[in-house]
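Reader: Can you walk me through this one? I'd like to start with side chains and then go over the packing.

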Amino acid sequence: IEAWLSTEESGNLTMLSLEINPDLVESIANADGPWCSSWPEGWAKLSCIIKPEDDKKVWRGSLSHSNGSVLEWHVLVGDGAKNTLPDDLELDFVFQDAFSPAKNSELWSVDWFKEVKRVSRASATLVTYSVARMVKDNLNAAGWEFEKLPAPGKKRNWLRAVLAND
């Protein structure tokens with residue numbers, strides 16, 4: 001969000017977050033929360049985040065950029081692997097940060113990557129810190145092509161994946 005807000009040429013963006021802890025989502029929904037306290041003066045705050053209706057598990061919010069672009073933020077509450085992603089998503093970017101394939105294998109599976117592909121724009125990019133063979137194989141099997149990227153810090157590489165031309 002900070003990178004999007006700090007780039008003058010930013011365009012519209014749709015973002016999905018998975019969160020198993022509903023209390024954390026309550027904190028995110030607070031536009032004056034500590035997660036955005038470091039933002040420079042004048043940056044847009046979260047204009048609204050709407051709690052889900054009845055049994056729906058998707059919270060929705062939006063941010064306005066100073067250039068007029070809009071970031072749509074969808075937060076899926078609960079076990080992401082057990083939920084179908086909302087049909088009305090059109091993801092531009094996915095940061096796959098689902099702990100590790102060893103601890104949370106469902107969110108690194110072929111089925112999961114196919115589900116992410118289903119709700120992604122043709123130009124979507126998926127980035128993950130995992131370069132495990134299983135992750136690369138599952139991305140390919142789900143219709144993603146990947147490349148290794150140099151990583152900051154202790155990691156040597158990350159993966160960047162784009163949708164394969166079918």
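**Notes on the fold**

Author: F95 is partly exposed, with a relative accessible area of 40%. The model is a predicted one.

Reader: What is the average pLDDT, and how many of the residues score at least 70?

Author: The protein averages a pLDDT of 82, and 81% of the residues score at least 70.

Reader: Where do F95 and W158 lie?

Author: F95 is in strand β5 (residues 91-96) and W158 is in strand β8 (residues 157-163), so the pair ties together parts that are 63 residues apart in sequence.

Reader: And W158, is that buried or partly exposed?

Author: W158 counts as partly exposed, at 24% relative accessibility.

Reader: What about W108 and Y129, what kind of pair is that?

Author: W108 and Y129 form an edge-to-face pair, 5.8 Å centre to centre with 75° between the planes. The pair links distant parts of the chain, 21 residues apart: W108 is in the loop between β5 and α3, and Y129 is in the loop between β6 and α4.

Reader: Are W108 and Y129 buried or exposed?

Author: Both W108 and Y129 are buried.

Reader: Now the core. Which residues have the most contacts inside the largest nonpolar core?

Author: That core has 23 residues, and those with the most contacts inside it are L85, F113, V116, L126, L139 and W144. At least two of its residues come from each of β5, α3, α4 and β8.

Reader: Take L126. What does L126 touch?

Author: Leaving out residues up to four places away in sequence, L126 touches V94, Q96, F113, V116, L139, W144, L159, R160 and A161. Another core, of 10 residues, lies apart from the largest one, and M15, W59, L63 and V75 are among its members.

Reader: Helices next. Which residues of α4 are buried?

Author: V135, K136, N138 and L139 are buried in α4. They cover an arc of only 165° around the axis, which puts them on the same side of α4.

Reader: What covers the buried residues of α4?

Author: The cover includes α3, β6, β7 and β8.

Reader: And what follows α4?

Author: G143 follows α4, and G143 has a positive phi, near 100°.

Reader: Which are the buried residues of α3?

Author: In α3, the buried residues are W112, F113, E115 and V116. Their arc around the axis is only 155°, which puts them on the same side of α3.

Reader: What do the buried residues of α3 pack against?

Author: They pack against β1, β5, β6, α4 and β7.

Reader: Last one, L149. Where is the place of L149, and is L149 buried or exposed?

Author: L149 is in strand β7. With a relative accessible area of 19%, L149 is buried, because buried means under 20%.

Reader: What is L149 in contact with?

Author: Setting aside neighbours within four places in sequence, L149 is in contact with R156, N157, W158 and R160. From L149 to V127 it is 9.4 Å in space, C-alpha to C-alpha, and 22 residues in sequence.

Key:
Residues are numbered from 1 along each chain as its sequence is written. This is a predicted model: local features need pLDDT of at least 70, side-chain atom pairs count only at pLDDT 80 or more; totals for chains, interfaces and linings use all residues. Side-chain values use heavy atoms; hydrogens and water are left out. Helices (H or I, at least four residues) and strands (E, at least two) are DSSP runs, numbered from the N terminus. Buried means under 20% relative accessible area, exposed over 50%, partly exposed in between (1.4 Å probe, protein chains only). Rings of Phe, Tyr and Trp (its six-membered ring) pair if their centres lie within 6.5 Å; planes under 30 degrees apart count as stacked, over 60 as edge-to-face and the rest as tilted. pLDDT is the predictor's confidence in each residue, from 0 to 100. A nonpolar core is a set of buried Ala, Val, Leu, Ile, Met, Phe, Trp, Tyr and Cys residues joined through side-chain atoms within 4.5 Å. Contact means heavy atoms within 4.5 Å. The arc is that of the directions from the helix axis to the C-beta atoms.
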